[in-house]
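Take a moment with the structure below.

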Amino acid sequence: MSNFEKNVRVVVIRGEHCNRHGKVIGETIYGFLNREIPVELDEYGKANIPEGDLDEENLTPDEVRAEIKKVSNQVERVASQLPGEMGKELPNHLRFLGDALMSKDKPKADDEYTYVVKNLKRASENGSVPQDWWETTVRISFDKIHGAVKRLP
């Protein structure tokens, strides 16, 4: 049985896609001699990766901060397009999320992550920001941040 469940963030540790990151998108494919995991590689498309070539993505605190900074920069760019107070609130909540992750406060990190994602998805769905903004600009960073939140003790 595979340790890689659907939606888990992974990194390819050897082979053709070495050092690329992605997300498990399906069930393990059992072959005669090996098992492969279907993975959507960040910015590289889908591939079936041998299970032994994968490891769970485990970002360092610096990498988590970098992802939050990346998202914060993108949110700042669209802040004026966001409805109501959302343009002012979301940067604060992103900072709260970063603080909670660094202090390993899982309940707070989970709450802040949920709040930010819900509001950004809503802004994308209701047309406050371009429809593809979520998918093309910040989804991968949020997947990485969510992985960090889930791994908190």
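The axes of α2 and α4 come within 10 Å and cross at roughly 40 degrees. Axes here are lines fitted to C-alpha atoms, for helices over the stretch in contact, and angles run from 0 to 180 degrees between N-to-C directions. At that angle, α2 is oblique to α4. Angles under 35 degrees count as roughly parallel, over 145 as roughly antiparallel, 65 to 115 as roughly perpendicular, and the rest as oblique. The crossing of α2 past α4 is left-handed. Left-handed means that the near helix is turned anticlockwise from the far one by less than a right angle; clockwise would be right-handed.

Which residues meet here? Leu94, Leu97 and Leu101 come from α2, while Phe142, Ile145, Ala148 and Val149 come from α4. By class, this contact holds seven nonpolar, no polar and no charged residues. Contact means heavy atoms within 4.5 Å. Ala, Val, Leu, Ile, Met, Phe, Trp, Tyr, Cys and Pro count as nonpolar, Asp, Glu, Lys and Arg as charged, and the others, Gly among them, as polar.

This is a predicted model: local features need pLDDT of at least 70, side-chain atom pairs count only at pLDDT 80 or more, and totals for chains, interfaces and linings use all residues. Residues are numbered from 1 along each chain as its sequence is written, and side-chain values use heavy atoms, with hydrogens and water left out.

Helix α2 (residues 86-102) also pairs with helix α1 (residues 61-78): their axes come within 10 Å and cross at roughly 175 degrees. The two helices are therefore roughly antiparallel. On the α1 side, the residues in contact include Val64, Ile68, Val71 and Val75; on the α2 side, they include Leu90, Leu94, Leu97 and Leu101. By class, the contact of α1 with α2 has 11 nonpolar, two polar and two charged residues.

Now step back to the whole chain. Its secondary structure comes to four helices and six strands. Helices (H or I, at least four residues) and strands (E, at least two) are DSSP runs, numbered from the N terminus. From that end, the elements run β-β-β-β-β-β-α-α-α-α. The C-alpha atoms fill a box of roughly 55 × 35 × 20 Å, taken along the principal axes. Of the 153 residues, 46% are buried. Buried means under 20% relative accessible area, exposed over 50%, and partly exposed in between (1.4 Å probe, protein chains only).

Helix α4 (residues 133-150) also holds Asp143. Is Asp143 buried or exposed? At 15% relative accessibility, Asp143 counts as buried. Its side chain joins that of Arg139 in a polar contact of 2.8 Å. Such a contact is a pair of N or O atoms within 3.5 Å; within protein, one must be able to donate a hydrogen and the other to accept it, and residues adjacent in sequence count only if both atoms are side-chain atoms. Beyond its neighbours within four places in sequence, Asp143 is in contact with Arg9 and Lys23.

Two loop residues come next. Asn19 sits between β1 (9-12) and β2 (21-24). Its phi is near 70 degrees, a positive value in a residue other than glycine. Asn19 counts as exposed, at 61% relative accessibility. Glu43 lies in the loop between β4 (35-41) and β5 (45-50). Phi of Glu43 is near 65 degrees, again positive in a residue other than glycine. At 74% relative accessibility, Glu43 is exposed.

Gly45 is partly exposed, at 32% relative accessibility.
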